[in-house]
Amino acid sequence: IHEDVEIGEGTVIDNNVTIYSGTRIGKNCHIYSGAVIGGDPQDLKYKGEKTYAIIGDNTTIREFATIHRGTASKGKTIIGNNNLIMAYCHVAHDCVLNNNIIMSNATQLAGEVVVDDFAIIGGGSLVHQFTHIGSHVMIQGGSKINKDVPPYAIAAREPIAFCGINSVGLNRRGYTPEQIHTIQETYRLIYNNGMNTTQAIAYIEANMPASTERDTIISFIKSSPRGIIKG
């Protein structure tokens with residue numbers, strides 16, 4: 001454990017873990033053997049500036065996972081609360097992972113990826129830099145993710161595509177049948193109505209009642225510079 005490291009109460013650090021300067025770890029985390037936290041970014045624009053790796057509470061980081069600090073771009077890599085990062089995963093510089101996320105074994109996130117709450121990324125997946133993965137998403141193991149994955153979606157196949165909504169996960173998290181129907185109908189209009197994405201969004205805004213679920217999907221798509229996965 002290097003200097004300028006903060007570790008919260010109740011956090012367990014196993015043997016052969018390396019924690020570099022600028023790391024902040026919250027309470028009741030568990031860092032398993034061989035993990036490396038807060039290492040230098042693998043980015044040629046990094047010039048040794050002071051940056052951080054920030055990990056919230058109740059997060060588990062399994063064997064040989066690697067999490068790098070930020071660069072001057074954002075200054076910090078952030079991992080929130082209640083996350084499970086399995087063995088051999090990599091979280092690159094300036095990534096932002098929110099809460100209740102599962103990264104299965106050997107998943108690799110390139111720089112400046114954003115992952116929203118309750119996303120599950122299957123093992124061995126590769127996520128392109130600057131990609132945004134929405135909330136309550138389920139991604140098939142071994143996926144190559146080079147477009148944004150919108151909220152509530154199941155993403156699978158090769159090349160990766162929208163394969164329906166994560167209804168099992170939504171049910172488990174207390175979404176009502178009416179909310180799930182709204183999500184299904186929104187995506188039916190986006191992917192199966194013969195319109196391009198811009199036309200579909202305009203149609204949905206004009207013809208579907210506003211709701212948290214509808215607006216979450218629309219806001220995500222509108223703010224996506226990379227564009228979303230195909231249907």
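R24 and D4 form a salt bridge, with their closest N and O atoms 2.9 Å apart. R24 sits in strand β4, residues 23-25, and D4 sits in the segment before β1 (6-7), so this pair ties together parts that are 20 residues apart in sequence. The model is a predicted one. The two partners differ in setting. R24 counts as buried, at 16% relative accessibility. D4 counts as partly exposed, at 34%.

D4 has another partner. Its side chain also meets that of K50 in a salt bridge, at 2.3 Å from N to O. Here too the pair links distant parts of the chain. K50 is in the loop between β6 (36-39) and β7 (52-55), while D4 is in the segment before β1, 46 residues apart. K50 is partly exposed, with a relative accessible area of 48%.

Now turn to the helices. K222 and E205 join their side chains in a salt bridge, at 2.7 Å from N to O. K222 belongs to helix α4, residues 212-222, and E205 to helix α3, residues 197-207. The two residues are 17 apart, and the pair again links distant parts of the chain. K222 is exposed, with a relative accessible area of 54%. E205 counts as partly exposed, at 37% relative accessibility.

Step back to the wider pattern. Salt bridges with shared partners join D4, E6, R24 and K50 into one network. The count of salt bridges comes to 9. Side chains of opposite charge can pair when their charged atoms come close.

Next, look at helix α2, residues 177-191. Several residues of α2 are buried: I180, T182, I183, T186, Y187, L189, I190 and Y191. What do these buried residues pack against? Their neighbours are β23, α1 (167-172), α3 and α4.

Two packed helices are described by the angle between their axes and the distance between the axes. For α2 and α4 the angle is about 35 degrees, and the axes are 8 Å apart. The crossing of α2 past α4 is right-handed. Which residues meet there? From α2 come Q179, T182, I183, T186, Y187 and I190. From α4 come E213, R214, I217 and I221. Among the α2 residues in this contact, T182, I183, T186, Y187 and I190 are buried. Helix α4 also holds K222, the partner of E205 in α3.

The peptide bond from E158 to P159 is cis, with omega near 0 degrees. P159 is found in the loop between β22 (153-156) and β23 (161-165). Strand β23 is one of the elements that the buried residues of α2 pack against.

A106 has a phi near 65 degrees, a positive value in a residue other than glycine. A106 lies in the loop between β14 (102-103) and β15 (108-109). Its relative accessibility is 33%, so A106 counts as partly exposed. F130 is not a glycine either, yet its phi is positive, at about 70 degrees. F130 lies in the loop between β18 (126-127) and β19 (132-133). With a relative accessible area of 44%, F130 is partly exposed.

Last come the cysteines. A disulfide is a covalent bond between the sulfur atoms of two cysteines. How many disulfides are counted here? The count comes to 0. The cut-off for a disulfide is a pair of sulfur atoms within 2.5 Å. The sulfur of C29 has its closest cysteine sulfur in C89, 16 Å away, and that is too far for a bond. The sulfur of C89 is 12 Å from the closest cysteine sulfur, in C95, which is also too far for a bond. Both C29 and C89 sit under cover. C29 is buried, with a relative accessible area of 2%. C89 is buried as well, with a relative accessible area of 1%.

Definitions and conventions
Residues are numbered from 1 along each chain as its sequence is written. This is a predicted model: local features need pLDDT of at least 70, side-chain atom pairs count only at pLDDT 80 or more; totals for chains, interfaces and linings use all residues. Side-chain values use heavy atoms; hydrogens and water are left out. A salt bridge is a side-chain nitrogen of Lys or Arg within 4 Å of a carboxyl oxygen of Asp or Glu. Helices (H or I, at least four residues) and strands (E, at least two) are DSSP runs, numbered from the N terminus. Buried means under 20% relative accessible area, exposed over 50%, partly exposed in between (1.4 Å probe, protein chains only). Contact means heavy atoms within 4.5 Å. Axes are lines fitted to C-alpha atoms, for helices over the stretch in contact, and angles run from 0 to 180 degrees between N-to-C directions. A crossing is left-handed if the near helix is turned anticlockwise from the far one by less than a right angle, and right-handed if clockwise.
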